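I opened the notebook to look up a few things in one structure. The entries are in the order in which I made them.

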Amino acid sequence: MRILSKLRAGIAITIVAILSAVMFVDMNEAHAEYGDVVINNYSDAAGMRPVVFPHWFHRIRFRCKVCHADLGFKFQAGGNEINMVKIIDGQFCGACHNGDIAWSVENCNLCHSGTPKTPTQVHESTVQKLVQPTGAPKK
Ligand code: HEC
Ligand code: HEC
Ligand code: HEC
């Protein structure tokens, strides 16, 4: 019995070590991938890095309805006037990032991971690549 519980403790420590290694790597990565939503209405101005929201990561885990109906996220990059007071109050990202459904709000860098000055956008969306801004010279 004693050996078993020591073994269990050993395994738990290993898992914690692996998890912190993973977190460490995550926290040092700062890039947006295809389809990510960069949200930067207030971050730059507040001296924080822009938020990178990995849409696909969430879309494969939850139904659209959870966020876009139940939690009230509008279908528009940057269209939700999200701020930290609302998040800590359990709205928007804070409905899940509360240390219960997902890791909590203390992990600033996991959300604020964008390259400074990246404007609000759907990162390299097909639409942005195909549609030419009006008035831009044709190539
Ligand atoms: C779960 C994701 C998430 C986490 C974790 C998070 N934030 Fe934010 N934060 C956001 C989003 C989304 C916005 C809105 C971004 C924008 O429009 O610029 C935001 C906006 C902000 C802003 C500007 C608006 C305001 O409320 O003043 C500040 C400052 C800020 N965050 C600081 C922090 C700090 C400090 C931490 C850690 C203690 C943190 N955030 C953790 C998602 C997060
Ligand atoms: C975990 C929450 C969550 C889920 C689940 C989710 N979304 Fe979103 N969606 C967001 C957030 C956050 C934004 C960005 C809003 C902002 O910037 O304020 C967004 C933005 C969008 C946009 C506008 C940006 C773009 O990419 O064109 C569309 C369209 C969209 N979502 C469609 C969907 C569809 C379709 C599904 C289901 C297959 C889905 N979403 C599932 C949270 C979610
Ligand atoms: C419906 C619940 C839900 C909402 C709303 C939500 N998230 Fe998440 N998010 C999750 C879950 C669950 C995970 C996975 C947590 C884990 O691995 O422990 C996650 C993971 C993440 C990750 C890490 C992705 C990775 O590659 O590991 C980021 C970054 C993130 N969320 C940002 C946000 C931001 C920013 C918002 C608000 C704009 C938000 N989330 C809203 C549930 C949610």
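The entries below go from the ground rules to the whole chain, then to single sites.

**Ground rules.** I noted that this is a predicted model, in which local features need pLDDT of at least 70 and side-chain atom pairs pLDDT 80 or more, while totals for chains, interfaces and linings use all residues. Residues are numbered from 1 along each chain as its sequence is written, chains are lettered from A and ligands numbered from 1 in the order written, and side-chain values use heavy atoms, without hydrogens and water.

**Whole protein.** I found 6 helices and 3 strands; these are DSSP runs numbered from the N terminus, helices being H or I with at least four residues and strands E with at least two. From the N terminus on, I read the order as α-β-β-α-α-α-α-β-α. Of the 139 residues, 23% are buried (buried is under 20% relative accessible area, exposed over 50%, partly exposed in between, with a 1.4 Å probe and protein chains only). I also looked up contacts, meaning heavy atoms within 4.5 Å. Among those between residues at least 6 apart in sequence, 55% join residues at least 24 apart.

**Iron site.** Which protein atoms are donors of the iron atom of ligand 2? I found NE2 of His55 and NE2 of His68, lying 2.0 to 2.1 Å from the iron. His55 lies in helix 2 (residues 55–59) and His68 in helix 3 (residues 64–70), so the pair ties together parts that are 13 residues apart in sequence. Donors are N, O and S atoms within 2.8 Å of the metal (3.2 Å for Na, K and Ca); water is not among the atoms, so sites may look incomplete. The 6 donor atoms around this iron subtend angles of 88 to 179 degrees, so the arrangement is octahedral. Six donors count as octahedral if opposite donors are over 155 degrees apart and all others between 65 and 115.

**Phe73.** I located Phe73 in the loop between helix 3 and helix 4 (84–88). Is Phe73 buried or exposed? Phe73 is buried, because its relative accessible area is 15%. Leaving out residues up to four places away in sequence, Phe73 touches Cys67, His68, Asn80, Ile82, Phe92 and Cys93. The C-alpha atoms of Phe73 and Gln91 are separated by 9.8 Å, and these residues are 18 apart along the chain.

**Trp56.** My last entry is Trp56, which is found in helix 2. With a relative accessible area of 46%, Trp56 is partly exposed.

Technical notes. Tetrahedral: all angles 85-135°; square planar, octahedral: opposite > 155°, others 65-115°.
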